[in-house]
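Please look through the structure below before reading on. The text then takes up a few of its local features in turn.

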Amino acid sequence: MQAAHLTRYGGPDAIDVCEVPRPVPKANEVLVQVHAASLTLPDLAMRKADPFIIRFFSGLLRPKNPVLGDSFSGVVAGVGSAVTRFAIGDLVFGSTAVGTHAQYIALPEDSAMVHKPARIAHAEAAGLSYSYLTAMPFLRDEGKVKPGDRVLINGGSSSIGLVAIQLARHFGADVTAVCSGRNVELVRAQGAGDVIDYTRADFTKSTSAYDVIFDVVGKSSFGRCRDALKTNGIYLTTVPTLGILLTMLTTGKGPKRGKMATTGLRPIADKLSDLKVLVGLIEAGAVHGVIDRRYRLDQIADAHRYVETERKAGDVVIELVPAGTA
């Protein structure tokens, strides 16, 4: 099978699409033919080993797991003798640690993987797996968003931001999104009631305006956003920095707090539970994916270069099987 193989840390040219052995599922594993996989900023961080601390998990001198990719959507191509949850031919999507930038992947039956709703295509499902599993725990568990809350999403046109807007609206919040002027209509279409063009206005100059500020792109800080929070408001960020770690130690349960959560490190059982919720939201039409660009596997280096520009609006998806194929 073909896979995007990373044998060294570096730029997009460090990725080589080559032939590797197809995995053979163990008794408790499911073999999935990957139709689509998302390409995200964490994939770029893993490829570059930036920040350096990544090397302590993925390999000090070279990648221990040469195939990147977290979220996927595809078709069950084989099952182990002990598997009961899935059968050959099932359409599935979900999330795993690494390995989805390949034509096939073998996963334990109890992985964060569920049956794909028929109403969405593989590319959309692959993108949602990553963005939803980040946005949902931040808004529901950390922000505790409820009806009537005022929520600001900084980075509203990012893959996580677009899903966060939809989820915050689903929870009954009034949503303000921050993005560039070219993406104003896109974020409005996802449910943002107000939109701030960051090239024209600074949302941090507001006073006691928001119950939750969710900085999905890590371009601000708790210190800058403090005045814009209401009493008992919370600033959330996806980006681990020394600043937010110090904030978490010092603000505690104060009237205004800052928090960063490692959603990617949550237990698999929690991710699986949330994916089951996602299926219901998709079926109800409450959440959908937004795709910016699609690339073939042999174009994955170009896809890395595009994501690196940080100008994408929505998901960048690697399609390993042509769209429209079941």
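The model is a predicted one.

Two packed helices are described by the angle between their axes and the distance between the axes. Here helix α3, residues 122–142, packs with helix α8, residues 268–283, at an angle of about 100 degrees, and the axes are 10 Å apart. Angles of 65 to 115 degrees count as roughly perpendicular, so α3 and α8 are roughly perpendicular to each other. On the α3 side, the contact is made by Leu128, Tyr132, Leu133, Met136, Pro137 and Arg140. On the α8 side, Lys271, Asp274, Leu275, Val277, Leu278, Leu281 and Ile282 take part. By type, the residues of this contact comprise 10 nonpolar and 3 charged, with no polar ones.

The backbone also deserves a look. In the loop between α1 (41–48) and α2 (55–58) lies Pro51. The peptide bond leading from Asp50 to Pro51 is cis, and its omega is near 15 degrees.

Two further residues have a positive phi without being glycine. Asn232 has a phi of about 70 degrees and belongs to strand β12, residues 229–237. Exposed means over 50% relative accessible area; Asn232, at 56%, is therefore exposed. Glu310 has a phi near 60 degrees and is placed in the loop between α9 (300–308) and β15 (315–319). Because its relative accessibility is 51%, Glu310 also counts as exposed.

Methods: Residues numbered from 1 in each chain as written. Predicted model: local features only at pLDDT ≥ 70, side-chain atom pairs only at ≥ 80, totals over all residues. Heavy atoms only, no water. Axes fitted to C-alpha atoms, helices over the stretch in contact; angles between N-to-C directions. Helix = DSSP H or I, 4+ residues; strand = E, 2+ residues; numbered from the N terminus. Parallel < 35°, antiparallel > 145°, perpendicular 65-115°, else oblique. Contact = heavy atoms within 4.5 Å. Nonpolar A, V, L, I, M, F, W, Y, C, P; charged D, E, K, R; others polar. Buried < 20%, exposed > 50% of the residue type's maximum accessible area, 1.4 Å probe, protein only.
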